[in-house]
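Subject: Structure handover

Hi there,

Here is the structure I promised to pass on to you. Have a look at it first, and then read on for what turned up.

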Amino acid sequence: MTQATSPKDRGAALLSILMIVAVMSVAALAAVEALGRSLSLARVSSERSQAMWAARSTEALGILAVARLKVLGDDAMREALVSGQSMTLPFERGVIQATFTDASNCFNLNTITGEANDVNHINFQHLLEAMDIFRADAQALAESLADWTDSDSAPRAYGAEAGYYGTLETPYRPGNAPLTNISELRAIKGFTPEIIALIEPLVCVRPDRFQSALNIETLTEEEAPLLVALYSGELSREDAQSVIQAKPLAGWQSLDTFLQNGHIQTIAVAARNDSMLSLKPSNLRLTARIVSGSTQENLQLVYAMDKGGQASLIQRTTGDF
Ligand SMILES: [Ca+2]
């Protein structure tokens, strides 16, 4: 015997079915969205992976490019660095845009050893003074930097060690080791954002404690303070600019031509560091932008050049350049 259902019951059953369909639809939509997100994540992950491998390839590419330039000769190297032409290299799902520049012309902040009569310490002060920083401030900055990078905790007269940094609103300890990144300057006493912005184009942080030779072929007027420091402050910034301006159209070609300049000839031998001048780059910088799909990676590589012209990677930085 069948029992007749009332319109009310049929309505309730229909409502239940509609509810089930609605829940299933929402679940299906969520599943599709999850799948979409998963595919999107997989695509981004794949693009990042490609960008990472492209970055690794760029490092090797730099060494190959330097070797190629070496084969082409000094003139080709000079031309490549002066013109700053960029290379565009496509790969499967992206492109690498890379530019070589000379990274020789900078003062390595890690050359300051903090030892007595450290010539680099004194030259750093000359460099700062040539950038219109008062002598007393230049001395304080050099001493603070030396305290930050030397291993001991004894502050110099105008420097700063843990005793100073420990009293700051947010206390911290000094590095007591060579700098690893230029941004570390922000933590050192006296290195205000204004001072850092002023000196940043002329200083660098290298993993060793040696000052590389300046490349006079690529030295610009803005880099004149480096020449002032090299000549122990015995060359004014204006005269250093004048020496740089005197570069012949075809380049210096020989160190003697450079050293014959009257402004340099008048400097006492003891104040001259002519051996720290070169016609070739001591360091090269490869700045690369790697685009893979929707991801982009900026890479800066620094290569040290040995006497035979072989390049070796000494620094790798990522970020905005
Ligand atoms: Ca120290």
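A quick definition to start with: helices (H or I, at least four residues) and strands (E, at least two) are DSSP runs, numbered from the N terminus. Please also keep in mind that this is a predicted model.

Overall picture

By that count, the protein chain has 10 helices and 9 strands. The protein chain has a radius of gyration of 30 Å, whereas a compact globule of 321 residues would come out near 20 Å. Along the principal axes, its C-alpha atoms fill a box of roughly 125 × 55 × 30 Å. Of the 321 residues, 30% are buried. If you take contacts between residues at least 6 apart in sequence, 62% of them join residues at least 24 apart.

Helix α2

That helix deserves a look of its own. Within α2 (residues 74-83), the buried residues are Met77, Arg78, Ala80 and Leu81. These four lie on the same side of α2, because they cover an arc of only 165° around the axis. Asp75 and Ser83 are exposed, and they sit on the face of α2 turned away from its buried side. Just after α2 comes Gly84, with a positive phi of about 60°.

The sheet

Five strands make up an open sheet: 5 strands in the order β1-β2-β7-β8-β9, with antiparallel pairing. At its edges are β1 (86-91) and β9 (311-318), each of which pairs on one side only. From one strand to the next, the twist averages 25°. As a reminder, strands of a sheet pair through backbone hydrogen bonds, either parallel or antiparallel. Inside this sheet, β7 (residues 283-292) and β8 (residues 295-305) run antiparallel and are joined by 10 bridges. One example is Ile290, whose bridge partner in β8 is Glu297.

A closer look at Gln296

Strand β8 also holds Gln296. Is Gln296 buried or exposed? Gln296 counts as exposed, because it has 12 C-beta neighbours inside 10 Å, and a residue is exposed if that number is 12 or fewer. Apart from neighbours within four places in sequence, Gln296 is in contact with Arg289, Ile290 and Val291. Ala240, by contrast, is 56 residues away from Gln296 in sequence and 40 Å away in space, C-alpha to C-alpha.

Helix α3

Finally, have a look at α3 (residues 119-129), a mostly covered helix in which 8 of the 11 residues are buried. The buried ones are Asn120, His121, Asn123, Phe124, Gln125, His126, Leu127 and Leu128. What covers them includes β3 (107-108), along with the helices α4 (135-149), α6 (193-199) and α7 (224-230).

Best wishes

Technical notes. Residues are numbered from 1 along each chain as its sequence is written. This is a predicted model: local features need pLDDT of at least 70, side-chain atom pairs count only at pLDDT 80 or more; totals for chains, interfaces and linings use all residues. A residue is buried if 20 or more other C-beta atoms lie within 10 Å of its own, exposed if 12 or fewer, and partly exposed in between; C-beta atoms are placed from the backbone. The arc is that of the directions from the helix axis to the C-beta atoms. The radius of gyration is taken over C-alpha atoms; the globule rule is 2.2 Å times the number of residues to the power 0.38. Two residues are in contact if their C-beta atoms, placed from the backbone, lie within 7 Å. Two strands pair if DSSP finds at least two bridges between them. Axes are lines fitted to C-alpha atoms, for helices over the stretch in contact, and angles run from 0 to 180 degrees between N-to-C directions.
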